[in-house]
Amino acid sequence: MKKSLVCAVLTAAGLLFVLAGCNNMTDRGASTQSSSNQGSSNADSSSEVKPTGKVDSVLKGTRWAAPDYIFLNFNFEDTNIVYVSARGTGRQEATYSVNGATVSFDLTQYVQLHKSMTVDKHIKQDIAKFENDIAKFEKDLKAAQAANNKAEEKRIQKELERRRSGLEHLKNPTEGLQRDLASSVENMKQYAAKLEPFAKFTGRLNSEKTKLTIEKFPVGVWDGVKFDRIEIKTLIFTKN
């Protein structure tokens, strides 16, 4: 499999640790997710991170952006899970809680899951992602066809083709893809181990609840395809 094809397949699957060409991608919501789905449905967690509380009524369904393609997606309708997305590390799931203007984030479950990741488990998780994506896009396709929206129908069909192709590659991985995934998992474990001391962080909402300032946000830094280090940054997220 050529690198460009691997990158396309793995980006669609969420396997963003393999190739340098994939490291400039962020989460599906930032790049390929149907606009009709953003913030409007009860998304499914892409791993085994479990909710620890209820969704916050103010943050529910909102998406926040900071510089350098870093995003917070509060997609879930009834659980306190947020997608934390950054360049190179893809979409990470954190739990969150709100106390007044303070929002507390916790990536501990994500860290523990990825420290114990295996290639087989990684493939199973991403097959589940593909199947979930396909089901959602098939539903969107029917809606676009019912509305006679040809442009949207064409776009969704292209997304479906990508995911169906990626699903087939994951179900029947070549030796090359297996090697790439093994490298991916090793990077993932190193990243999770370095992230662990910074897995909990807090932010503060402004009075209008349109900006969220996080003073100690952990950002992964990559050297080509290899994880290098964690940098702690002050970031201001703006509600989209």
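Me: Before anything else, what do buried, partly exposed and exposed stand for here?
Reply: Buried means under 20% relative accessible area, exposed means over 50%, and partly exposed is in between. Ser97, with a relative accessible area of 42%, is therefore partly exposed. Keep in mind that this is a predicted model.

Me: Where does Ser97 lie?
Reply: Ser97 is in strand 4, which covers residues 90–99.

Me: Let's step back. How many helices and strands does the chain have?
Reply: There are 6 helices and 8 strands. Along the sequence they follow the pattern α-α-β-β-β-β-β-α-α-α-α-β-β-β.

Me: And what share of the chain counts as buried?
Reply: The figure is 48% of the 240 residues.

Me: Back to strand 4. What about Arg91, buried or exposed?
Reply: Arg91, which also lies in strand 4, has 18% relative accessibility, so Arg91 counts as buried.

Me: Which ring does Arg91 lie over?
Reply: Arg91 is placed over the face of Tyr83, 4.1 Å from the ring centre. Arg91 can also be located relative to Asn73: the two are 18 residues apart in sequence, with 9.5 Å between their C-alpha atoms.

Me: On to aromatics. How many aromatic pairs are there in the whole structure?
Reply: A search of the whole structure gives 8 aromatic pairs. One of them is Phe105 with Phe201: the ring centres are 5.3 Å apart and the planes are at 15°, so this pair is stacked.

Me: Why does that count as stacked?
Reply: Because planes under 30 degrees apart count as stacked, and the planes of Phe105 and Phe201 are at 15°.

Me: Which parts of the chain does that pair tie together?
Reply: Phe105 belongs to strand 5 (residues 102–106) and Phe201 to strand 6 (residues 200–205), so the pair ties together parts 96 residues apart in sequence. Phe105 and Phe201 are both buried.

Me: What about Phe217 and Phe237, how are their rings arranged?
Reply: Their ring centres are 5.6 Å apart with the planes at 55°, so the pair is tilted. Phe217 is in strand 7 and Phe237 in strand 8 (residues 226–239), so this pair ties together parts 20 residues apart in sequence. Phe217 and Phe237 are both buried.

Me: Which residues do ring pairs link into a cluster?
Reply: The cluster is made up of Phe74, Tyr96, Phe105, Phe201, Phe217 and Phe237.

Me: You named Asp68. Where is that, and what is its phi?
Reply: Asp68 sits in the loop between strand 1 (63–66) and strand 2 (70–73). Its phi is near 65°, a positive value in a residue other than glycine.

Me: What is phi at Lys209?
Reply: Lys209 has a positive phi of about 60°, although Lys209 is not a glycine. This residue is in the loop between strand 6 and strand 7. At a relative accessible area of 29%, Lys209 is partly exposed.

Me: And just after helix 4, which residue takes a positive phi?
Reply: Asn148, with a phi of about 55°. Helix 4 itself covers residues 119–146, 28 residues in total, and reaches 41 Å from its first C-alpha to its last, close to the expected 40 Å.

Me: What about helix 6, how far does that reach?
Reply: Helix 6 (residues 175–195) has 21 residues and reaches 30 Å from first C-alpha to last, close to the 30 Å expected.

Me: Which residues of helix 6 are buried?
Reply: The buried residues are Leu177, Leu181, Ser184, Val185, Asn187, Met188, Tyr191, Ala192 and Leu195.

Me: Take Met188 from that list. What is its relative accessibility?
Reply: Met188 is at 1% relative accessibility, and therefore counts as buried. Met188 and His114 are 74 residues apart in sequence, but 6.3 Å apart in space, C-alpha to C-alpha.

Technical notes
Residues numbered from 1 in each chain as written. Predicted model: local features only at pLDDT ≥ 70, side-chain atom pairs only at ≥ 80, totals over all residues. Heavy atoms only, no water. Phe/Tyr/Trp six-rings, centres within 6.5 Å; stacked < 30°, edge-to-face > 60°. Helix = DSSP H or I, 4+ residues; strand = E, 2+ residues; numbered from the N terminus. Buried < 20%, exposed > 50% of the residue type's maximum accessible area, 1.4 Å probe, protein only. Lys NZ or Arg CZ within 6 Å of the ring centre and 35° of its normal. Expected span 1.5 Å × (residues − 1).
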